[in-house]
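Here's a quick tour for anyone meeting this structure for the first time. Have a look at it, then read on.

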Amino acid sequence: NSMKPTQVMIVEDEALVGIDIQDNLINYGYQVVGISSTGESALENAVKTRPEVILMDIQLKGKMDGIDAAKQIRQHLDVPIIY
């Protein structure tokens with residue numbers, strides 16, 4: 001099968017939760033292009049890796065919550081963001 005897996009980026013500030021989500025996604029055949037723990041790093045990583053979908057935690061440590069991070073990302077990328 002030549003279809004490449006969907007590239008997913010995870011934004012989650014609880015490391016164990018992020019790893020658990022990543023493991024589940026990989027088991028379902030997705031490619032995880034990164035796990036970000038802050039809105040700021042999510043924006044930077046999204047622009048760098050250009051994922052096809054982003055799983056966004058709303059409650060994030062730092063200055064930016066998930067809603068703010070999503071708004072900023074959407075200014076740079078047309079990517080679906082799932083909360």
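A residue counts as buried under 20% relative accessible area, as exposed over 50%, and as partly exposed in between. Pro 5 has 33% relative accessibility, so it lands in the partly exposed group. Keep in mind that this is a predicted model.

You'll find Pro 5 in the segment before β1 (7-11). Leaving aside neighbours within four places in sequence, Pro 5 is in contact with Gly 29, Tyr 30, Gln 31 and Glu 52. Val 32 sits 27 residues away from Pro 5 in sequence, yet the C-alpha to C-alpha gap is 9.3 Å.

## The sheet and its helices

Next up is an open sheet of four strands, ordered β2-β1-β3-β4, with parallel pairing. Its edges are β2 (31-36) and β4 (81-82), each pairing on one side only. Further in, β1 and β3 run parallel and are joined by four bridges. Val 8 has Val 53 in β3 as its bridge partner.

Helix α1 (residues 15-27) lies across β1, β2 and β3, at about 170° to β2. α2 packs on the sheet too, touching β1, β2 and β3, and its direction makes about 170° with that of β1.

The largest nonpolar core has 15 residues, and Val 11, Ile 54, Met 56, Ile 73 and Ile 81 touch the most other members. At least two residues of this core come from each of β1, α2 (39-49), β3 (53-56) and α3 (66-76). There's also a second, separate core of five residues, including Val 8, Leu 25, Val 32 and Val 53.

Definitions and conventions. Residues numbered from 1 in each chain as written. Predicted model: local features only at pLDDT ≥ 70, side-chain atom pairs only at ≥ 80, totals over all residues. Heavy atoms only, no water. Buried < 20%, exposed > 50% of the residue type's maximum accessible area, 1.4 Å probe, protein only. Contact = heavy atoms within 4.5 Å. Core = buried A, V, L, I, M, F, W, Y, C linked by side-chain atoms within 4.5 Å. Pairing = 2+ DSSP bridges. Axes fitted to C-alpha atoms, helices over the stretch in contact; angles between N-to-C directions.
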